[in-house]
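Subject: Structure handover

Hi,

Here is the structure I promised to pass on to you. Please have it open while you read, and my notes on it follow below.

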Number of protein chains: 2
Amino acid sequence: MKVLSELMGYRESIKVLDATMRDGGLVNDFYFSDDFVKALYKTNIEAGVDYMEMGYRASKKVFDESKFGKWKFCSDDHIREIVGENNTDLKIAIMADIGRHELDDFDQKVNSPVDMVRVATYIHQMPEAIQMIEDAAKKGYETTCNLMAISTSQKENIDVAINMVCQTPVDCIYIVDSFGAFCPEQIARVAEHYMEVGEKYNKKIGIHTHNNQQLAFANTIEACGDGVDLLDATYLGMGRGAGNCAMELLLGFLKNPKYNIFPVYRFIEDYMLEIKEQCKWGYDLQYLMTGQLNQHPRMAIKFTNDERKDYSEFYKEMTE
Amino acid sequence: MKVLSELMGYRESIKVLDATMRDGGLVNDFYFSDDFVKALYKTNIEAGVDYMEMGYRASKKVFDESKFGKWKFCSDDHIREIVGENNTDLKIAIMADIGRHELDDFDQKVNSPVDMVRVATYIHQMPEAIQMIEDAAKKGYETTCNLMAISTSQKENIDVAINMVCQTPVDCIYIVDSFGAFCPEQIARVAEHYMEVGEKYNKKIGIHTHNNQQLAFANTIEACGDGVDLLDATYLGMGRGAGNCAMELLLGFLKNPKYNIFPVYRFIEDYMLEIKEQCKWGYDLQYLMTGQLNQHPRMAIKFTNDERKDYSEFYKEMTE
């Protein structure tokens, strides 16, 4: 059992990463207004958030620039328009998606407002992920490896993958529950495994959750109690499908006095409610089903976009 | 750490109680149509639910009958109109609220379709709760003691209260997180305490949660993993304020083959969606705030009914 003192106190090493523009960008095709992004940046600073992920740096060879907002591509110039030289304690992160990125799109850290490159990869793409991590580390960035969809991978293979990436200069390895399939008891076991390898190689562990079973926050604080240090959250839980661990839940829970919940509430009121009217995300039964069935949410997203409400029919489709 | 075998297998002693009409009745003043109640009864039977709580048996001296639906009072006659002689495996429960009940309203079990009387009490009402439990047990009912709002009680006092009630013929003592204030780590500690006393006196332990922090399901399965046997849930989480642990989450999680999730989805689609359009419940920031502040949700319910969205102002009101 975890100890009460850690619920009343705090661990200095815990860091919070705001992934609203990245995972939330999957909901609105990255069309965030500059006004929104500036207010979010200011809010994160006031709230004491540690990292702000501004989107993907996606390959323009793979994705048509005219079909997405600029935060799908996150150029250094666009980031600078928001953060200037970013003389704050808030670090800037971007995500590279393996198979959909170009190494040449990443300048030397010294020329970039970006602090951290997060490398999202499936387990069968490890060599390319490692190449990306080594390139970004050599250029001077902090790096993370976000190993996706592990709820469908075998433990032996996960073990090989995290041991492979631990040979690189990567700073942090993320537990990613892409399908919202895990419950806290399983997260405890996964965290124990990652922590064991992480301690051996002196790597931090992070967690990124989805809310298919209303367990995104519960899984995040379970991992946090188990020693996981980098915690992803998004405002109002904005993220693909059922969304993510909500920033308002997480910052209300963490006891480090550097975190302030008030600006979070104000930002949600001023900016997120409007977006919530226009875009669809969050817990609903179709996501619960794909989560409990340990499946990719794509069919549930289609069900949502088609404005279907025949849950029982959808359940038959997903299980036949 | 709990063992994986219990996540894949099941414990025969676990029972699920549907509290939709009782806690959900607090949302719509107990105005459920007979059509709805009959369909819910049928669904619970098909889904393998163990108990169906049909409402409160409230005192007509305290509450004006003309201002509530009949399930606030749950007469044996009204229950019989739905369940007949109830020749099924589904047991019928009703709740008595200490200070708002009349012993004379409870006939002998042999004359009643009710199987279980649940006694809801605050910690300062124990003698009256014990009187009610002893009366109901003597009349032949199964009984539970639902000790409310324990997140604001001191452990020493809770200990006295549960030891007092363990001297009665009560069958089960409930952990009730009235304010949605607990996180799973705290539930684990509370469950350990209740289980310890329960084992000494051969009493079952149950849990009833609220979803203020999106932890109702997480807290329920935490307690379940800790050995708690009676699990409350409501369809679509319908219940006061932020609502309760959702039946669809819980039955999808439990592995006993007697439970069937399909009728649950069908009932939600056919009946709950319409109610959700008319009534307000479920997670929102005002409930998160009262939950994290360990306060009664009444101010958050007023905020909701007033259709306010100025969360940051509400936060100031709640903390000044």
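Let's start inside chain A: A:Ile150 counts as buried because its relative accessibility is 2%, where buried means under 20% relative accessible area, exposed over 50% and partly exposed in between (1.4 Å probe, protein chains only). You will find A:Ile150 in the loop between strand E5 (142–147) and helix H7 (155–165) of chain A. Helices (H or I, at least four residues) and strands (E, at least two) are DSSP runs, numbered from the N terminus. Setting aside neighbours within four places in sequence, A:Ile150 is in contact with A:Ile158, A:Ile175, A:Val176, A:Phe182, A:Val190 and A:Tyr194; contact here means heavy atoms within 4.5 Å. One of these partners, A:Val190, is 40 residues away along the chain, and its C-alpha atom is 9.5 Å from that of A:Ile150.

A word on how to read all this. The model is predicted, so to speak in its own terms, local features need pLDDT of at least 70 and side-chain atom pairs count only at pLDDT 80 or more, while totals for chains, interfaces and linings use all residues. Residues are numbered from 1 along each chain as its sequence is written, chains are lettered from A and ligands numbered from 1 in the order in which they are written, and side-chain values use heavy atoms, with hydrogens and water left out.

Next, a strand of chain A. From strand E8 (residues 230–233), A:Leu230 and A:Asp232 point one way and A:Leu231 and A:Ala233 the other, and all are buried. Strand E1 (residues 15–18) of chain A pairs with E8(A) in the parallel sense over 4 bridges, and A:Leu17 stands opposite A:Asp232. Strand E7 (residues 204–208) of chain A also pairs with E8(A) in the parallel sense, over 2 bridges, with A:Ile207 as the bridge partner of A:Leu231. Two strands are said to pair if DSSP finds at least two bridges between them.

Two loop residues of chain A have positive phi without being glycine. A:Asn86, with phi near 50°, sits in the loop between helix H5 (76–83) and strand E3 (91–97), and counts as buried because its relative accessibility is 10%. A:Glu307, with phi of about 55°, is in the loop between helix H13 (298–305) and helix H14 (311–319), and counts as exposed because its relative accessibility is 60%.

Over in chain B, B:Asp76 belongs to helix H5 (residues 76–83) and counts as buried, at 12% relative accessibility. Beyond its neighbours within four places in sequence, B:Asp76 is in contact with B:Arg57, B:Asp107, B:Asn111, B:Ser112, B:Pro113 and B:Val114.

Finally, how do the two chains meet? Contacts join 44 residues of chain B to 44 residues of chain A. The area buried between them is about 3,800 Å², and carbon and sulfur atoms give 68% of that; buried area is the accessible area (1.4 Å probe) that two parts lose on being put together, summed over both.

By class, the side of chain B that touches chain A has 26 nonpolar, 7 polar and 11 charged residues. Here Ala, Val, Leu, Ile, Met, Phe, Trp, Tyr, Cys and Pro count as nonpolar, Asp, Glu, Lys and Arg as charged, and the others, Gly among them, as polar.

Best wishes
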